[in-house]
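Work through the exercises below with the sequence and the 3D view open. Try each task before reading its solution.

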Amino acid sequence: ERAAASIDALVEAARQGTSRGDVVVAVAHSAFIRFLLALLLDEPLVSSYSKFKVDNGGITVLDIDTVRKSTLAYGSKVVGGKLSLIDKKTRIVFPETSIVRFNEVRHLST
């Protein structure tokens with residue numbers, strides 16, 4: 001739920017922007033980025049740490065839809081699939097988001 005709330009906060013920040021009104025920069029720890037990617041791709045959290053390499057200083061670019069929503073519910077891979085201990089009525093709603101770039105590190109080379 002915190003990841004979904006964070007995406008909602010980014011959408012709100014973009015809506016209140018003063019220049020283009022649609023670009024927001026956020027800085028996060030790699031664990032949060034991995035969790036966010038698992039959420040967006042419906043990948044198991046357990047495998048996200050080995051599947052998604054996130055370098056220090058790497059840039060991940062997301063395109064967050066300010067209108068359309070996605071829903072994460074019981075049975076989703078990200079929360080453990082059918083073996084999950086979460087309540088079967090749990091629903092996490094967050095803005096529909098696509099990954100534009102992941103772990104961009106070209107700017108780090110010298």
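The model is predicted: local features need pLDDT of at least 70, side-chain atom pairs count only at pLDDT 80 or more, and totals for chains, interfaces and linings use all residues. Residues are numbered from 1 along each chain as its sequence is written, and side-chain values use heavy atoms, without hydrogens and water.

**Exercise 1.** List the elements of the chain in order.

Solution. Helices (H or I, at least four residues) and strands (E, at least two) are DSSP runs, numbered from the N terminus. The chain has three helices and two strands. Their order from the N terminus is α-α-α-β-β.

**Exercise 2.** Find the buried residues of H1 and say where they lie around the axis.

Solution. Start with the helix: H1 covers residues 2-15. Buried means under 20% relative accessible area (1.4 Å probe, protein chains only). In H1, Ala 3, Ala 4, Ile 7, Val 11 and Ala 14 are buried. They span an arc of only 105° around the axis, so they sit on the same side of H1. The arc uses directions from the helix axis to the C-beta atoms. An α-helix has 3.6 residues a turn, so residues three or four places apart point the same way. Next, find the partners: these buried residues pack against helix H2 (30-41), strand S1 (59-73) and S2. Contact means heavy atoms within 4.5 Å.

Key
The expected span of a helix is 1.5 Å times one less than its number of residues. Buried means under 20% relative accessible area, exposed over 50%, partly exposed in between (1.4 Å probe, protein chains only).
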